[in-house]
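Please look over the sequence and the model before reading on. The report below is meant to be read beside them.

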Amino acid sequence: MMKTFFAKLMAVAAPLALALCLTAAPNAANPQAAPEPSPAVAPTATAAPTAPATVPAAAATKVDNPYGIGALWAQSDLVAKAVLAILAIMSMGSWYVIVTKLLEQMRMGRQAKEVDNEFWNQGSVQAGTAKLAEGSPFRFIADAGVHATRKHDGLRGKVDFADFVDLCIHRATERVNRRLSNGMSLLATVGSTAPFVGLFGTVWGIYHALTAIGIAGQASIDKVAGPVGESLIMTAIGLAVAVPAVLGYNWLLRRNITVMDDVREFSGELHSVILSGRATA
């Protein structure tokens with residue numbers, strides 16, 4: 001009897017127990033699944049600080065170079081500024097000479113062609129001289145030759161006429177040569193001294209670096225970078241000033257020789273014409 005009762009009870013309780021287990025299983029699974037979104041939340045929480053971190057990086061790109069030429073001028077002392085000013089004056093002076101002498105040589109080249117087309121086709125030296133442009137070196141030499149024929153009197157008359165005319169024309173030619181060579185000494189001076197001026201700025205920058213190391217007590221990069229960068233910039237500027245001056249000096253000197261060949265050729269032919277008696281008073 002009892003066995004039959006327990007059997008019926010188990011038959012009724014088994015389905016109920018199975019139903020309770022099935023309903024409890026999702027509830028037990030939900031507490032285990034709840035922590036799973038936490039890793040997704042964690043990256044969002046850690047990613048939030050990274051967004052402001054990009055702002056200083058973008059702002060850092062807009063900061064001027066603390067070791068550039070502008071910073072060098074702003075942070076340098078009086079000696080470094082004086083060195084920079086001297087190098088700037090040297091550079092402007094050398095470029096001014098290069099440009100002006102080049103224009104002068106080109107002008108003399110055009111005047112040499114005018115001599116061939118205008119001067120030698122005239123009937124007298126005076127008529128040919130009047131055809132030349134004012135300020136032309138060729139006209140200056142022609143005037144010297146004409147005046148030599150008029151000044152050959154008194155004590156000058158005791159000198160041989162050919163020698164006296166040659167002396168006057170030669171003197172005028174040398175004056176043209178000296179005028180053409182004006183400014184060349186500046187290029188030579190700049191080319192030879194600008195590297196040493198830059199080297200002085202280099203030594204001064206290294207001195208500042210050593211002073212900064214001594215004051216700080218350690219050779220950290222932030223103490224050394226500024227003065228050493230300053231010294232390197234000084235060296236580079238000195239070379240940048242010297243190289244164009246040297247190249248310009250050699251180039252203009254070679255062109256001066258070509259121009260003076262035309263001038264001396266004109267002087268020799270003028271001397272021969274005057275001595276031939278074709279010059280009229």
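## Basis of the model

This is a predicted model, in which local features need pLDDT of at least 70, side-chain atom pairs count only at pLDDT 80 or more, and totals for chains, interfaces and linings use all residues. Residues are numbered from 1 along each chain as its sequence is written, and side-chain values use heavy atoms, with hydrogens and water left out.

## Overall fold

The protein has 9 helices and 0 strands. Along the sequence the pattern reads α-α-α-α-α-α-α-α-α. Helices (H or I, at least four residues) and strands (E, at least two) are DSSP runs, numbered from the N terminus.

Of the 281 residues, 28% count as buried. Buried means under 20% relative accessible area, exposed means over 50%, and partly exposed lies in between (1.4 Å probe, protein chains only). The protein exposes about 17,600 Å². Carbon and sulfur atoms supply 67% of that area. Accessible areas come from the Shrake-Rupley method with a 1.4 Å probe; for residues, only the protein chains shown count as cover.

Contact means heavy atoms within 4.5 Å.

## Helix 4 against helix 7

Two packed helices are described by the angle between their axes and the distance between the axes. Helix 4 (residues 78-119) packs with helix 7 (residues 161-180) at an angle of about 145°. Their axes are 11 Å apart. Axes are lines fitted to C-alpha atoms, for helices over the stretch in contact, and angles run from 0 to 180 degrees between N-to-C directions.

Helix 4 contributes Lys101, Glu104, Gln105 and Met108 to the contact, and helix 7 contributes Val176, Arg179 and Leu180. These residues divide into 3 nonpolar, 1 polar and 3 charged. In this count Ala, Val, Leu, Ile, Met, Phe, Trp, Tyr, Cys and Pro are nonpolar, Asp, Glu, Lys and Arg are charged, and the others, Gly among them, are polar.

Glu104 sits in helix 4. It counts as buried because its relative accessibility is 13%. Leaving aside neighbours within four places in sequence, Glu104 is in contact with Arg179 and Leu180.

How many salt bridges does the whole structure hold? A search finds 2 (each a side-chain nitrogen of Lys or Arg within 4 Å of a carboxyl oxygen of Asp or Glu). One joins Glu104 and Lys101, with the closest N and O atoms 2.8 Å apart. Both residues lie in helix 4, 3 residues apart, about one turn of the helix.

Arg139 counts as buried because its relative accessibility is 19%. Glu134 counts as exposed because its value is 66%.

Gly205 lies in helix 8 (residues 184-216). At 0% relative accessibility, Gly205 counts as buried. Gly205 and Met234 are 29 residues apart in sequence, and 8.5 Å apart in space, C-alpha to C-alpha.

Gly183 is in the loop between helix 7 and helix 8. Is Gly183 buried or partly exposed? Gly183 counts as partly exposed, at 23% relative accessibility. Gly183 and Tyr96 are 87 residues apart in sequence, yet their C-alpha atoms are 9.3 Å apart in space.
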